[in-house]
Amino acid sequence: DQPVDSRLLAVLVCPVTKGPLEYDNKNNELVSRQLGKAFPIRAGVPIMLVDEARDLDVGRGPSDE
């Protein structure tokens, strides 16, 4: 997978809540904690579609996987 441009990450927000996104390097996705979803990054391009996002596991942190 290609890395995402840090300048792009600085301006992206959740398409639903307009809140901040966190980059999850391990899973190569952008996480919206407010929405409870993670948006995939494919070939260096964030896929900011709710239909493509996965639900976050409630009550589990990234280190619990």
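Modeller: Happy to! Leaving aside residues up to four places away in sequence, A53 touches K37, A38, F39 and P40, where contact means heavy atoms within 4.5 Å. A53 and F39 are 14 residues apart in sequence, yet their C-alpha atoms lie 4.5 Å apart in space. A53 itself sits in the loop between β4 (45–46) and β5 (54–55); strands here are DSSP runs of E with at least two residues, helices are runs of H or I with at least four, and both are numbered from the N terminus. With a relative accessible area of 12%, A53 is buried, given that buried means under 20%, exposed over 50% and partly exposed in between, using a 1.4 Å probe and protein chains only.

A word on the basis: this is a predicted model, in which local features need pLDDT of at least 70 and side-chain atom pairs count only at pLDDT 80 or more, while totals for chains, interfaces and linings use all residues. Residues are numbered from 1 along each chain as its sequence is written, and side-chain values use heavy atoms, with hydrogens and water left out.

Now to the strands. β2 (residues 29–32) and β3 (residues 37–42) pair in the antiparallel sense over four bridges, where pairing requires at least two DSSP bridges between two strands. In that pairing V31 stands opposite A38, and A38 is one of the residues that A53 touches. The hairpin of β2 and β3 has four residues between the strands, and G36 in its turn has a positive phi of about 80°.

S32 has a relative accessible area of 0%, so it counts as buried. Its contacts, again beyond four places in sequence, are C14, T17, P20, L21, K37, F39 and L56. K37 and F39 are also among the contacts of A53. The S32 side chain also reaches the backbone nitrogen of L35 at 3.3 Å.

For contrast, look at A10 in helix α1 (residues 6–11): its relative accessibility is 65%, so A10 counts as exposed. A10 and L21 are eleven residues apart in sequence and 9.0 Å apart in space, C-alpha to C-alpha.

Of its 65 residues, 31% count as buried. Among contacts between residues at least 6 apart in sequence, 25% join residues at least 24 apart.

Finally, confidence: pLDDT is the predictor's confidence in each residue, from 0 to 100. The mean is 87, and 85% of the residues reach 70 or more. Among the elements, β5 has the highest mean pLDDT (97) and α1 the lowest (86).

Definitions and conventions:
Polar contact = N/O pair within 3.5 Å; in protein donor to acceptor, adjacent residues only side chain to side chain.
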